[in-house]
Amino acid sequence: MFYFASFLLLGPIGGALAAIGPVTDLHIVNSFIQPDGFNRSGVLAEGIFPGPLITGNKGDNFQINVIDELTNGTMLLSTSIHWHGFFQKTTNWADGAFVNQCPIAANDSFLYNFNVPDQAGSPMYVFLMIAVSISAFYRVSQQTATQYCDGLRGPLVVYDPQDPDADLYDVDDGITTSDATLINGLGRSVNGPADAPFAVVNVVQGSRYRFRLVSISCDPNFLFSIDGHTFTVIEADGVNHEPVVADSIQIFAAQRYSFILTANQTADNYWIRANPNNGHTGFAGGINSAILRYSGAPVADPVTTQTSANLLQETSLVPRENPGAPGNATANGVDVDLNLVLSFVGGRFEINGVSFVPPTVPVLLQILSGATTAAELLPSGSVYTLPLNSVIQLSFNTVAVAAVGGPHPFHLHGHTFDVVRSAGSTEYNYINPPRRDVVSTGAATDNVTIRFTTDNAGPYWHLEAGFAIVFAEDAPDVAAVNPVPDAWNQLCPTYDALTSAQLGGN
């Protein structure tokens, strides 16, 4: 497995990238790549890293046929894809995580068929297109999680012609960020080739660009900035927010931002910086860097210096549509209040004293087979049943884990949530808190708190940095709300019949 702290900046990047979708095949293959100058084996969508851009329009039906052509028996041979950022309402079976399906066996395929009726935001990367898009990407799911760090991840964009911020920019473009920090799949590493290419983002002086910043990192968070430039943040994790001016962003794994950058500086080359919180930090030798290049500037490395001094504060983000956390504007004004105590014991992470162990049967299949209570559902102690149309509050106690690779991000499938208390803040905001689907759980002194409403029946899970928990939402109605296709029913029997050699990873 190789480790990349990867990051996508969807912008006018040198080189062309053909988009596919919304109806398409997606071949998963083993291939060698050299993103930072070192040759290594990867698990890749269509043989490239990051994977190909998948696009569609708001209201489209996506039909993505994932074809498993993996052959390297030293790596896992089965796979499945999680479509990060999509709610999968009435198609919980298509969420891709092991709580929702068994993996796709090698030499087999599975059709993910789902609708995107009402989500809009920003993608991983877009090239010279004017539109707003859903904040999304696709990645390998939990039961084959090592494939995520082996390269199986890519961008997915859903455009909405009714973008409320369309008058703020002229061009809608795209950035992604992997020992090396890769920006749009390119970067330099410590002790790597000194001439490994940088990603280049091309701009024209005087134009306004919408950039989509997406972290597909395995672990680190990054401080992102562009020398000599400020920008206006307008979206977080697919949710439109009121414009906020900043010159740097701290972005955690799986988070997404859109910002407007006006190319108003002297035509020249400027460093794009993405400094990780661990590993090889800094910018010596060109690591953790890419280039913003104005039209007319020489083809040369920048000589600019870092100028950032106005870091985006999560608490400054206010949703444009229907601001306000659900429930009453009091500390206990919710239907279900869960305090999640995060710990690290014997080399394993735990939530409320339980370390997640993947079940041998997907939680969705357990529910469809008649199990509907936390006592009946596996893994024991890691499944919480939640009633329909209820306000849920989650708070995170990170005292025991903040120093163990922290701060850790938390992502909830099937929902966005309101962050009523952000990392680094002691204030609770119930009136107009930020709304997103990935949040930093903060430092040991924080008590990050989020709220959401259960309006999407099915099992939904979180897994980052070893933590996992499953919320079985409205379990009694899951079967009626989420009818499964016949092909889904065949996944588990096929997977369960595989031999050790056919599973791979030996």
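## Salt bridges and an open sheet

R320 counts as partly exposed, because its relative accessibility is 30% and the buried class needs under 20%. The model is predicted. R320 forms a salt bridge with D165, with 2.4 Å between the closest N and O atoms. D165 is buried, at a relative accessible area of 1%.

In total, nine salt bridges are counted. Three of them are listed here.

| Salt bridge | Closest N to O |
|---|---|
| R320 and D165 | 2.4 Å |
| D437 and R256 | 2.8 Å |

D437 and R256 form a salt bridge. This pair links distant parts of the chain, 181 residues apart: D437 lies in the loop between strand 28 and strand 29 (438-440), and R256 lies in strand 19 (residues 256-262). D437 is buried at 2% relative accessible area. R256 is buried at 0%.

E314 sits in the loop between strand 21 (289-294) and strand 22 (336-345), while R436 belongs to strand 28, 122 residues apart. Both E314 and R436 are buried. Through shared partners, salt bridges join D237, R256, E314, R436 and D437 into one network.

Strand 28 also belongs to a sheet. Six strands form this open sheet, in the order 23-22-25-30-27-28, with mixed pairing. Strand 23 (348-351) and strand 28 (435-436) are the edges; each has a single partner strand, so one side of each has no neighbour in the sheet. Within the sheet, strand 25 (residues 391-397) pairs with strand 30 (residues 449-453) in the antiparallel sense, over five bridges. Q393 stands opposite R451 of strand 30.

Notes. Residues numbered from 1 in each chain as written. Predicted model: local features only at pLDDT ≥ 70, side-chain atom pairs only at ≥ 80, totals over all residues. Heavy atoms only, no water. Pairing = 2+ DSSP bridges. Helix = DSSP H or I, 4+ residues; strand = E, 2+ residues; numbered from the N terminus. Salt bridge = Lys/Arg side-chain N within 4 Å of Asp/Glu carboxyl O. Buried < 20%, exposed > 50% of the residue type's maximum accessible area, 1.4 Å probe, protein only.
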